[in-house]
Amino acid sequence: MGASLLAAPALQADTGAQTEALYQQHCASCHGSDRLGGMGPALLPENLSRLRQAEAESVIAAGRPATQMPAFGDTLSQDSVTALASFIYQPPEVTPVWGKQEILASHLLPYPQGSLPDEPVYDADMMNLFLVVEIGDHHVTILDGDKMEPIHRFPSRYALHGGPKYSPDGRYVYFGSRDGWITKYDLYNLEVVAEVRAGINMRNIAVSADGNHVMAANYLPHTLVLFDATNLELMEIIPVENDAGDSSRVSAVYAAPPRDSFIAALKDIPEAWEISVKDGRAEVRRMQTDTWLDDFFFDPGYEHLIGAARDGKHGYVINLDTGNTIAKLPLPGMPHLGSGITWEYQGRRVMATPHFRTGAVSIIDMDNWEVIKTLETEGPGFFMRSHENSPYAWVDVFFGPNRDKVHVIDKQSLEIVKTLQPAPGKVAAHVEFDRYGKKLLLSVWDKDGAVIVYDANTLKEEKRIPMNKPSGKYNVWNKINYEEGTSH
């Protein structure tokens with residue numbers, strides 16, 4: 001909450017007005033009088049979806065270590081703490097606004113383009129760097145992928161989401177936070193060079209194939225926002241509505257490099273959008289879909305989009321040139337298509353995806369769009385990764401009692417050949433390979449966690465690098481070259 005503590009007796013919050021007063025006294029200085037965020041994150045129901053109310057009470061009372069969030073347990077009564085936690089999970093009486101004026105006012109430009117040296121300030125293969133997001137205390141570690149040693153660690157915005165995106169040359173990385181902040185970071189000079197807040201609740205960002213544009217996908221407000229990538233200057237706000245005027249949240253936005261466009265998944269309207277930027281303006285092409293689609297996957301040539309249906313049982317294949325649905329896939333339990341991967345199998349390309357709700361990996365022939373195998377796992381999974389130079393695909397068991405395990409799948413036999421349990425009782429998740437496919441990193445997703453380095457061929461552990469709840473790892477080469485085994 002707020003950074004200042006008042007030496008006042010415990011307060012009781014019996015009414016909404018009293019709770020509002022408590023919030024303004026203790027929380028508004030960091031989180032904003034309107035709960036839209038400031039030095040601290042926004043405190044709105046949409047932004048708190050991953051934090052249970054009981055956990056929020058604990059944070060208010062005990063604070064957050066290694067952050068500016070202090071403890072209020074000695075200042076406020078338990079009733080007041082409970083009332084405050086309940087208050088921030090209630091929608092505001094007036095729907096908050098985040099438009100052109102607010103975006104422009106948020107823009108920060110500590111280092112305009114061209115003001116920093118064009119050579120790295122350290123020695124490393126810039127194409128084999130990893131960025132490791134540590135969600136335990138909201139930091140990012142830059143890791144040398146040859147030495148497997150940290151180079152630098154810096155604080156990030158609260159709750160990064162959707163994975164960082166790189167400029168085509170790998171020099172700059174762009175982060176998106178759930179609070180709507182876009183951060184441009186210079187990997188040569190280890191400096192934040194520009195920031196802007198695109199929305200109140202943002203799902204993710206995408207960087208165009210030529211590196212000239214950044215697009216943000218928002219839940220709140222219902223917008224797509226286009227920026228010039230050079231200094232993150234606002235170009236256009238695109239209201240997300242259908243012809244009837246119904247608006248929609250945006251589930252995600254993706255760059256489609258071969259098409260020189262962006263593809264957006266809509267949450268509340270059965271449409272998918274393709275957005276092209278021409279003469280500095282966005283042109284939107286709308287594709288009607290058979291149902292609401294929550295998550296997307298693309299074939300390597302970006303000729304087809306595969307979307308997960310809201311019913312959690314099917315995937316729909318859409319031809320991006322015609323906009324027509326050409327196939328319906330039976331998928332058992334809400335596939336996480338954004339984590340899907342592809343590889344060559346018996347002379348044809350297949351894709352594979354884990355599922356949120358069932359212990360299975362679906363493997364699909366991308367020529368005839370048929371499920372050729374459903375591989376049983378020890379629980380629902382979240383992330384799947386491989387590399388074109390590796391014979392193996394890795395998938396975690398993120399949900400359920402076996403979340404401390406990870407499966408290794410032989411990409412030609414389509415069988416699980418090994419199950420690892422690197423830290424019993426702690427979540428093991430999210431693999432990322434180095435640029436060569438020779439080594440890989442796996443997260444022990446815990447406050448006292450680590451990134452584990454494995455030999456990608458022998459599957460032997462080589463070392464552990466201690467980190468604070470490391471989640472995603474993102475290799476520069478794999479990301480800018482759209483390596484077939486990593487997420488796009």
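**Loops, helices and cores**

Tutor: K469 is partly exposed, with a relative accessible area of 29%; buried means under 20%, exposed over 50% and partly exposed in between, using a 1.4 Å probe and protein chains only. This is a predicted model, where local features need pLDDT of at least 70, side-chain atom pairs count only at pLDDT 80 or more, and totals for chains, interfaces and linings use all residues. Residues are numbered from 1 along each chain as its sequence is written, and side-chain values use heavy atoms, with hydrogens and water left out.

Student: Where is K469 found, and what's its phi?

Tutor: K469 is in the loop between strand 31 (461-467) and strand 32 (470-475); helices (H or I, at least four residues) and strands (E, at least two) are DSSP runs numbered from the N terminus. Its phi is near 50 degrees, positive although K469 isn't a glycine.

Student: And A159, buried or exposed?

Tutor: A159 has 17% relative accessibility, so it counts as buried. Phi of A159 is positive too, near 55 degrees, and the residue lies in the loop between strand 3 (149-155) and strand 4 (165-166).

Student: Which peptide bond is cis?

Tutor: The one from L220 to P221, with omega near -5 degrees. P221 is in the loop between strand 9 and strand 10.

Student: Switching to helices: at what angle do helix 3 and helix 4 pack?

Tutor: Helix 3 (residues 53-62) and helix 4 (residues 78-88) pack at about 125 degrees, axes 9 Å apart. Axes are lines fitted to C-alpha atoms over the stretch in contact, and angles run from 0 to 180 degrees between N-to-C directions. That makes helix 3 oblique to helix 4, since under 35 degrees is roughly parallel, over 145 roughly antiparallel, 65 to 115 roughly perpendicular and the rest oblique.

Student: Which residues of helix 3 make the contact?

Tutor: Q53, A56, E57, I60 and A61, meeting Q78, V81, T82, L84, A85 and S86 of helix 4; contact means heavy atoms within 4.5 Å.

Student: Which residues in the largest nonpolar core touch the most other members?

Tutor: Of its 23 residues, Y174, I182, V214, A216 and F227 do. Such a core is a set of buried Ala, Val, Leu, Ile, Met, Phe, Trp, Tyr and Cys residues joined through side-chain atoms within 4.5 Å. Elements giving two or more residues to it include strand 5 (172-176) and strand 7 (191-197).

Student: What else is F227 in contact with?

Tutor: Leaving aside neighbours within four places in sequence, its partners include I103, V196, L232 and M235. Apart from this core lies another, of 20 residues, among them F154 and Y166.
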